[in-house]
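User: Can we go through this one together? I'll ask as things come up.

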Amino acid sequence: MPGLRLSRSHLTAAGAVFVATATAAVAVTTTAGAYGAKEHAKDAVKGGKAKNVILLIGDGMGDSEITLARDYTVGAAGRLNMDRFPLTGAYTTYAVHADGTPDYVTDSAASGTGWATGVKTVNGRISKTPGKNKAVPTILELAQKGGYATGSVTTAELTDATPAVLASHVTDRSCQGPADMANCPTDTIAKGGPGSIAEQSVNHKVDVLLGGGKQRFDQKVTDGKYKGLTVTEQARKLGYQVVTDNASLKAVKGGKPVLGLFASGNVATEWTGKAAAAGGTAPQRCVTSNPNRPSGTPNLADQTTKAVQLLEAKQKQKHSKKGFFLQVEGASIDKQDHAADPCGQIGETAAFDRAVKAARAYAAKHPDTLVVTTADHGHSSQIVPLEAQPPGLSSTLITDEGQPIKVNYSTNTPGQSQEHTGTEVRIAAQGPQAYRVLGVTDQTDLFTTIREALQVR
């Protein structure tokens, strides 16, 4: 019952019942102090050139989101894969106004533009300057120019803000497909612009594009060389292999670019549960499945592994000694935070963490790979005392340790979408140039870190 209020002892008893019926036990790894030996950290502090870069973005994944997922899945004393990097720092995430003054709470467009270009911009803008609205070269474009294979993987639409910052330049993030250009009149092909985010993404010939957003690519191009074709048809004209499920993704071969469209909109979450409510919820266990997620949907870790294989195949076919740049986004950590859905949020963080594991497994065999994991901004979930009666939306969960944990969302009025926060967020790394993430840096410094690692200009 949403309004039920239980004492700590009652909640603990409830947790015992949940654990007694659980089918799998959780192994908790205890640690003394920071994870990893001092020698490991010392070895990680190195410069040099990276052959490959894998950048993993947990959208909205602030420290509260990481802690909640850790507590629920591996326990308070356990560690996630993202906790195991040898070098960890924090970076600031603010956007700017058109005159360059700080806008303390960023959205994903401005934050992504920060690490993609090294330039801060206004909220809602994609890889363009804040004042004169001029396109700025992105790290993906520089990597392509330098001979690297490139890829982008996301659980959002491929035209959403975080993937969009890599291979498009538009005045407003809403301009995702040819039919969505109302807020970007000067970016239209008819006005001599580069077109929508979907059109630009395939025109850039990014080697691997995997995510949702089929509805944007099904829109018809309205002007220019590909007028009358859908963006998907445009992609095929440009040589893309188009895949739509896990089976076709597994079967696709490297050498030609790949466009994976696994959902009409955002990819469905992996977990489900009751959303937070005013006055709280009854203690609940999250459901680690989602009936609305098609069975053929590839998970983020498998997409990451396949993307790496495809990018390696591209370079091998070219007989290139250069490697690749790959960005991987766990997008719906943010989206479920907005919806005050703790189970959806935790499930997406856990899925993202498995992608981190896949990336680090690759780097273990290829130490010339820089792996970075971070977030674009903070978000709204907060772990609060069980006896607290916060004014917003809250939910009590029973963790895999059998203990109750209470999470609250109070960054907006109940019934409204929860908001981002302006806090600094974690950044962690391993490999060449990883030492650059140490201390407190800014989001734009990540652009420099990757540029120096790949040695591109």
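User: Which element gives the most to the lining of the largest cavity?

Analyst: That's α13, with three residues. Helices here are DSSP runs of H or I with at least four residues, strands are E runs of at least two, and both are numbered from the N terminus. A cavity is a set of points on a 1 Å grid, over the protein atoms alone, where a 1.4 Å probe fits but cannot get out, and lining residues have an atom within 4 Å of a point.

User: Before I get carried away, what kind of model is this?

Analyst: It's a predicted model, where local features need pLDDT of at least 70, side-chain atom pairs count only at pLDDT 80 or more, and totals for chains, interfaces and linings use all residues. Residues are numbered from 1 along each chain as its sequence is written, and side-chain values use heavy atoms, with hydrogens and water left out.

User: OK, back to the cavity. How much space lies in the largest one?

Analyst: About 70 Å³. Volume here is the space filled by probe spheres set on the grid points, which are joined across faces, edges and corners. The lining takes 13 residues, and T155, E270, R293, L300 and E348 are the closest to the centre. Two elements, α11 (300-318) and α13 (342-365), each give two or more residues to that lining.

User: How many cavities are there by this rule?

Analyst: Three of 30 Å³ or more.

User: Staying with α13, where does A363 stand, buried or exposed?

Analyst: A363 is in helix α13, and A363 is buried because its relative accessible area is 4%. Buried means under 20% relative accessible area, exposed over 50%, and partly exposed in between, with a 1.4 Å probe and protein chains only.

User: What is A363 in contact with?

Analyst: Leaving out neighbours within four places in sequence, A363 is in contact with T369, V371 and Q430. Contact means heavy atoms within 4.5 Å. A363 also sits 9.5 Å from V53, C-alpha to C-alpha, although the two are 310 residues apart in sequence.

User: Switching topic: how many salt bridges does the structure hold?

Analyst: 16. A salt bridge is a side-chain nitrogen of Lys or Arg within 4 Å of a carboxyl oxygen of Asp or Glu. Side chains of opposite charge can pair when their charged atoms come close.

User: Which residues are linked in a network of salt bridges?

Analyst: D107, D160, R173 and K335. Within that group, D107 and R173 meet at 3.1 Å, N to O. D107 is in the loop between β4 (102-103) and α4 (108-117), while R173 is in the loop between α6 (161-167) and α7 (197-203), 66 residues apart.

User: And how far is R173 from D160?

Analyst: Their closest N and O atoms are 3.3 Å apart, again a salt bridge. D160 lies in the loop between β5 (149-157) and α6, 13 residues from R173.

User: What about D187 and K128, how do their side chains meet?

Analyst: In a salt bridge of 2.7 Å, N to O. D187 is in the loop between α6 and α7 and K128 in the loop between α4 and α5 (139-145), so the pair ties together parts 59 residues apart in sequence. D187 counts as buried at 2%, and K128 is buried at 7%.

User: Now α3. How many of its residues are buried?

Analyst: Eight of the eleven in α3 (residues 63-73). They are E65, I66, L68, A69, R70, D71, Y72 and T73. Those buried residues pack against α12 (332-338), α13, β12 (381-384), β13 (393-398), β14 (404-409) and β15 (425-430). After α3 comes G75, with a positive phi near 95°.

User: Last one: where does pLDDT stay under 50?

Analyst: Over residues 1-37, for which the model has 51 contacts beyond four places in sequence. pLDDT is the predictor's confidence in each residue, from 0 to 100. The chain's mean is 92, with 90% of its residues at 70 or more.

Note on methods: 1 Å grid on protein atoms, 1.4 Å probe; cavity = no way out; pocket = protein on both sides within 12 Å on 5 of 7 lines; lining within 4 Å.
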